Amino acid sequence: MFAATRAEGRAALVGYLPAGYPDADTSVALFRAMVEGGCDLVEVGMPFSDPVLDGPVIQDAQQASLAAGFSARKLITLVESVTAAGGRAVVMTYFNPVMAYGVDAFARDLASAGGAGVITPDLIVDEAGPWRSAMDAAGLAPIFLVAPSTGPERIALTAGATRGFLYAASTMGVTGARDQVSSAAPGLVARCRELTDLPIGVGLGVRTGRQAAEIASYADAVIVGSAFVSIAKAADNGAVGAARAVAALAEELADGVRTPTPAGDVA
Amino acid sequence: MPPRADGLPRHSDALAGTDHDPDERGYFGDFGGRWLPEALVGALDEVAEAYRKARIDPEFLAELDRLAETYAGRPSPLSDAARLTAEVGGARILLKREDLNHTGSHKINNVLGQALLAQRMGKTKVIAETGAGQHGVATATAAALLGLQCTVYMGRVDTERQALNVARMRLLGAEVVPVDNGSATLKDAINEAFRDWVTNVDHTFYLFGTVGGPHPFPVIVRDFQRIIGLEARVQVQRLTGRLPDAVAACVGGGSNAIGIFHAFLDDPDVRLVGLEAGGDGVETGRHASTISGGTVGVLHGARSFLLQNEDGQVAESHSISAGLDYPGVGPEHSHLADISRAEYRPITDTQAMDAFALLSRTEGIIPAIESAHAVAGGVALAREIGPGGIVLINVSGRGDKDMETALRWFGLGDDTAVDGTERATEAAEKGAVNAPDGPPAVRPSDFPAAPSGQDIQL
C-alpha cells in the first residue's frame, strides 16, 4: 500500500472506527463507507472495557458496541467484510482481549480474514516477544506506537520490532479530535526518520481535511479516529445517514492527503 | 541513623531490598511487567531511577523516618485482643494497629514515601486514584504537608458512598474528580488517572495507591508498606516469644497485605492468608475475589489475576467495601498464590459486616470494612488453628468512614437506634464469622426493613 501511495507522491489515509459501533450491521456499512470514501487502510477497533489511551468519544463508542454484544469473534467477521469490500484492514486492540482469545489463534484467524496487521496501544515491545512470533507466523504486521516522550533508543527498538508502518502518536494524551494537531508531531516524525525507513503514520487529534493536508506534508499516513466516531454518532438519518456522513468525511480527508500543505502555509 | 531506643525497625529499614525483589523487567515469577502505552515508559523509567537513588540516600531515608515517626505516628502498636480471643475460643488473636496511623490507615506509609519522591523529582503536582477514599485522603494529606498540588480521581459511585472522605480531601486542598465512565468505581478512577498522567507527565507524579500497576509501582509501594510486617514481627516475638502461626490481611489491590506478609515470607511455618472481597459470594459472580475467582490477564499496567469474561473484557467487581471493589490485584500476590506461599480466601459482605460488629463489640475497635474482611478471615483461622496458636490480623484502617454503610447495614438510623444497636450486638455475639461449624451468620435479611430511604442491603 505504501509503495502505491508513495508512487503517487502522497500520504495514505487511515480511518478508525470501533467494531460493532453503533451496532453490528451498521458497523459493516460504516467500514464500507470509509473504504469507498477513500481510506487506503481501515483500523478495525476491538471494543474494550478499559481503553486507557482513548478519550470519551471513542470510549463511549466502545462501550456502546460492547453493550450491543460485540465480541472478538464478530470482529474477525467484520474484518472479512472489509476485505470483501475491497478494503485493507488492520486491527487496533488493547492486549487483554487478544490474550483471552489466544495470541496464536488471534493472529491465525485475523490472517484468514484478510487482515494486514495489528496495532496494540498498550503493548510495548519489551512485552511483545510471543506476540511478534505469532504475528510473524501468520504473516501479519505487528504495529507499535511511539510518542513524543519516546527517546531515540526506544524509537529504534520499537521501529525494529514493527512491520508495515510505525504509529507516531502526535500528542501526549488520549484520542480525541482537537482544533490543532500537536506541534510535537513534525519533530517526532523527523526523529523517527533518522532511525528507520518504515513508513510513519501520525494519529491522535486529526479531524479535518486541512489538518490531514498539514500532516501529509511530513508523514506517510494520516490516521483519523475520533472524528469518524463523532460524525457517525451525529448523523441523524440512521445507518444510511451515518454511512453517508462517514463517506463524506473520508472524501474530505482523502483530498487532504493529496494536497499536502505545510502548517505554516495555511492562512 | 542510630537504632531506635525501643529496638523496633524504622520505616527506612523497609527500603533496604529483599531476596524477593522482582526481576529487572518488574516480574514476580510470571506476573508484573509493563503493559501500558509507550508514552509512559519514560515516566516509569524516571520514577524507577529516582527511587533507586532515594532508597540509598541517607537524607531521603532520614526525612522518611522523621515524617513516619513525628507526623504519621509510627511505630503502630500491636494489640492483644483478649476479649475477641475469648469470644472466638481458638488461637490467640493479635491485632496490628495500622488504623492508628495519621489519616486512619496504612495508606500514609506509602504516600509519605512517594510524595517525598515526587518532591525530589521536582514534580509540582501529584495525582491519585481512590476507592474508599483512604488513599485519596492520605495523598491529599501528604500533598498539603509538602506543598504539592493534588488531584484525586474517584468513581462516582464511590464519591457517593464515601462522601465524608470526599469532604476531607477537599478540605485538605485536593481537587476530587468524580469519574462516570465504566462502572464508576476504582478501576475507572485508575483509567482516568492514567489518562491524566499520559497528558501531563512532565510535571505530574502519579502517586499509585496499591501494589499494582506497571513496574516499578508494585515494588515501590511494597517497600513503603513493608514496615508493617517488620514492626509486627518484632512485636509478636516480644509479646509471645515466637512467630505467629498465621497472618491475615485483606486484599483488594493488596498493599497492606504485602506490607505485613513480607516480613514472614521466609518463615515457611507462618501461614499467610489474604482475604478477598467475596461480595454476595464468589459463586454468584458478584464479588471482587480476584485470585479466588479470576483468571490471568493484563490491566492497568500489570500481568496478574483479573476478573474478566471469556472475551477478555474486564468484569465489574462487587463489594460492600469500596476499598476492595477492584477487579485486579497486585502481581506479587498472584505470584505468591502461584507458588502456594500465600493462601487467598473470599469473605462475603455478610461475613465482613459480622466481623465489623464483632471487633467493635469485643475490643472497642471499629475497623474499616476492608479490615473487617481480615478480621473475619483471622477469626476463622483462629478457630481452625485452635487454642495454643497465634493469629496476627492486620487492622489496616479504621471504620469512621464506613459508619454510613454500617448505619444502613445494621439499621442504626434515628428511628431504629435501639433496635439497630441490638442487631449489631446480635451480630457481634453470634460472631459466627466464616466458621464452618459455628452458628449461622446474621444476615441483613434477618432484620426488619429499615425506614424508607434506608436500604439495608447496599
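Chain B has an open sheet of four strands, lined up as β7-β6-β5-β8 with parallel pairing. Keep in mind that this is a predicted model.

- Going from one strand to the next, the twist averages 25 degrees.
- Strand β5 (residues 125–130) of chain B runs parallel to β8(B), and three bridges join the two.
- Which residue of β8(B) is the bridge partner of I127(B)? That would be Y206(B).
- Helix α8 (residues 186–199) of chain B lies across β5, β6 (149–155), β7 and β8 of that chain, and runs at about 160 degrees to β5(B).

**Aromatic pairs**

- F48(A) and Y94(A) are stacked, with 5.6 Å centre to centre and 25 degrees between the planes.
- This pair ties together distant parts of the chain, 46 residues apart: F48(A) is in the loop between β2 (41–45) and α3 (56–67) of chain A, while Y94(A) is in the loop between β3 (89–92) and α5 (95–101) of chain A.
- Both partners are buried, F48(A) at 2% relative accessibility and Y94(A) at 4%.
- Y101(A) and F106(A) make an edge-to-face pair, because their planes sit at 90 degrees, with ring centres 5.4 Å apart.
- Y101(A) counts as buried at 13% relative accessibility, and F106(A) is buried at 0%.
- Y101(A) and F106(A) also belong to a cluster linked by ring pairs, together with F95(A), W131(A) and W35(B).

- E43(A) is in strand β2 of chain A and counts as buried, at 1% relative accessibility.
- Beyond its neighbours within four places in sequence, E43(A) has contacts including V14(A), Y16(A), F31(A), M92(A), Y167(A) and I223(A).
- D54(A) lies in the loop between β2 and α3 of chain A and is buried too, with a relative accessible area of 7%.
- Leaving aside neighbours within four places in sequence, D54(A) touches Q59(A), Q62(A), Y94(A), V174(A), T175(A) and R195(B).
- Y94(A), one of those D54(A) contacts, is also the stacking partner of F48(A).

Methods
Residues numbered from 1 in each chain as written. Chains lettered and ligands numbered in written order. Predicted model: local features only at pLDDT ≥ 70, side-chain atom pairs only at ≥ 80, totals over all residues. Heavy atoms only, no water. Phe/Tyr/Trp six-rings, centres within 6.5 Å; stacked < 30°, edge-to-face > 60°. Buried < 20%, exposed > 50% of the residue type's maximum accessible area, 1.4 Å probe, protein only. Pairing = 2+ DSSP bridges. Axes fitted to C-alpha atoms, helices over the stretch in contact; angles between N-to-C directions. Contact = heavy atoms within 4.5 Å.
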